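Subject: A structure for you to explore

Hello,

Here is the structure I promised to pass on to you. Have a look around it first, and then read my notes below.

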Amino acid sequence: IRDVKYRLLRNLQGTSAHPGQPVCPVEPAAGQPGSSLREAGTPGVYATEPRIIVAEDLTPSDTVQISKSDVRGFVTGRGGKTSHVAILASGLGLPAVVGLGEAWSEIREGDLMIVDGGKGTIVIDPDEETLVRYQEACEQLAQTLERRAQLKRIPCVTSDGVRIKLKANIGSLDDVPQALQNGAEGVGLLRTEFLFLGRTEAPSEDEQFERYREIGAAFGGEQVIVRTLDVGGDKHIPFLAIPPEENPFLGLRAIRLCLARPEIFKTQLRAILRASAHANLAVMFPMIATLDEFRQAKRMVEEVKEELQGEGKPFSSAIPVGMMVEIPAAAAAADLFAPEVDFFSIGTNDLTQYTLAVDRTNSSVADLYQETHPAVLRFIRTVVDAGARFGKPVSVCGELAGSPDGAETLVSLGIRELSMSAGNLLVVKERLMKVPVSALRHEEACRGSHG
């Protein structure tokens, strides 16, 4: 309702502001193109009139419609570090301060503002001394980024010779250039929601096929893991007409929705399989909780293969089929899933949310959202052990993988493949290449001495 209201108001006023919640664009401090102080930040391409987007909140459908070329940062009143706008900002290498509370509404159009994504603070109308200090910090950051850029083409190998593969999480075709620029070794998570959000009807099979083929081809022979449609919860698609739910995060979402709407699911599977004839693709199902769900989904893959074969349409018969581990039940029963999957990918964002019963987008409980909580790390180790026992690869595609400290912890638990926002690739690589895996101990982390 709010979305419709603001769209109508903008049309009546003849403005072209960002869709969704009311937004107050504000200029960055001194117009500095390097105003991103997020450690993993990467300089972007800035328009002649750059802005900082300020809003109470930004939904997934809002963020996919943002014109990113003239944005230098984000500030929201609601949300947490794994909310969609935070992930978007990380992928773009831009600073973001989320969960600011009611203070967001005090920011006004035209305010001069600094967004410090590293510290999670903002400065409105900074004095000259503050401006100089941040300008110097920007220059230091530019030097750091230049140093990291030298690592792009170098494989990530720890100081004691352990090879770690680093992939990118991408949410659209627009994310591909930065991923390639930062040396991504494929895609560990292709979020396909970008094809569905902000539309009045589902994308056609041919449209999906072209996008998957195009993204897959961009990475050459490197693998691109395509996650099937993951909507519901906080990602709303009106044309799907999902009934209102008391607890949408526990309701009809992700694989549950796909199995309930086979016409949507099979169309997507057909597109992915057809694209697999032209690129190194894999299929991944989100939010799997039971073996029956995985088996149902995999049977649909086999049905689609038979259909395509009968139609004479090429596809890769050996396309890997795996699952995300983001529900505690799936992690605890990883040894039961392992014989039937081709790979596991751990989504630490939702795994943490469901393990700790903490809404990851709710700023009022943000302090309880702890990705390195011993219970979360024990679940990760359980999946790693199951994968090793049955010879199935295990990767992590949650935001924990994109933090240097988090990446170290995951490597200590036996993870050898990490996927993250493209803007984090080089900072994680720089850290991991300095540490010996033999010195990392997962036992202490699982007991809770690391956080």
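Helix α14 (residues 404-412) and helix α15 (residues 425-432) have axes that come within 9 Å and cross at roughly 55 degrees. The crossing in which α14 passes α15 is right-handed. If you want to see where they touch, show the side chains: Pro404, Asp405, Ala407, Glu408 and Val411 in α14 meet Val427, Val428, Arg431 and Leu432 in α15.

How many of the nine residues of α14 are buried? Eight of them are, which leaves this helix mostly covered. The buried ones are Pro404, Gly406, Ala407, Glu408, Thr409, Leu410, Val411 and Ser412. Just after α14 you will find glycine 414, with a positive phi of about 105 degrees.

Please keep in mind that this is a predicted model.

**Another helix pair**

Two packed helices are described by the angle between their axes and the distance between the axes. For helix α12 (residues 348-356) and helix α13 (residues 374-390), the angle is about 125 degrees and the axes are 10 Å apart. α12 and α13 are therefore oblique to each other, and α12 passes α13 in a right-handed crossing. On the α12 side, Thr348, Leu351, Thr352 and Thr355 make the contacts, and they meet Ala375, Val376, Phe379 and Ile380 in α13.

**Aromatic rings**

A pair of aromatic rings is described by the distance of the centres and the angle of the planes. The count in this model comes to two aromatic pairs. In one of them, phenylalanine 265 and phenylalanine 285 have ring centres 6.0 Å apart and planes at 65 degrees; planes over 60 degrees apart count as edge-to-face, so this pair is edge-to-face. The pair links distant parts of the chain, with phenylalanine 265 in helix α8 (residues 262-275) and phenylalanine 285 in strand β10 (residues 281-285), 20 residues apart. Both phenylalanine 265 and phenylalanine 285 are buried.

Phenylalanine 285 also pairs with phenylalanine 294: their ring centres are 5.8 Å apart and their planes are at 65 degrees, so this pair is edge-to-face. Phenylalanine 294 is buried, as is phenylalanine 285. Together, Phe265, Phe285 and Phe294 form one aromatic cluster.

**Two arginines to look up**

Arginine 274 lies over the face of phenylalanine 209, at 4.2 Å from the ring centre.

Leaving aside neighbours within four places in sequence, arginine 270 is in contact with Glu205, Val304, Glu307, Leu308, Glu311 and Lys313.

**The whole protein**

Now zoom out. The protein has 16 helices and 14 strands. Of its 451 residues, 54% count as buried. Among contacts between residues at least 6 apart in sequence, 66% join residues at least 24 apart.

Enjoy exploring, and write back with any questions!

Best wishes

Conventions:
Residues numbered from 1 in each chain as written. Predicted model: local features only at pLDDT ≥ 70, side-chain atom pairs only at ≥ 80, totals over all residues. Heavy atoms only, no water. Phe/Tyr/Trp six-rings, centres within 6.5 Å; stacked < 30°, edge-to-face > 60°. Helix = DSSP H or I, 4+ residues; strand = E, 2+ residues; numbered from the N terminus. Buried < 20%, exposed > 50% of the residue type's maximum accessible area, 1.4 Å probe, protein only. Lys NZ or Arg CZ within 6 Å of the ring centre and 35° of its normal. Axes fitted to C-alpha atoms, helices over the stretch in contact; angles between N-to-C directions. Left-handed = near helix turned anticlockwise from the far one by under 90°. Contact = heavy atoms within 4.5 Å. Parallel < 35°, antiparallel > 145°, perpendicular 65-115°, else oblique.
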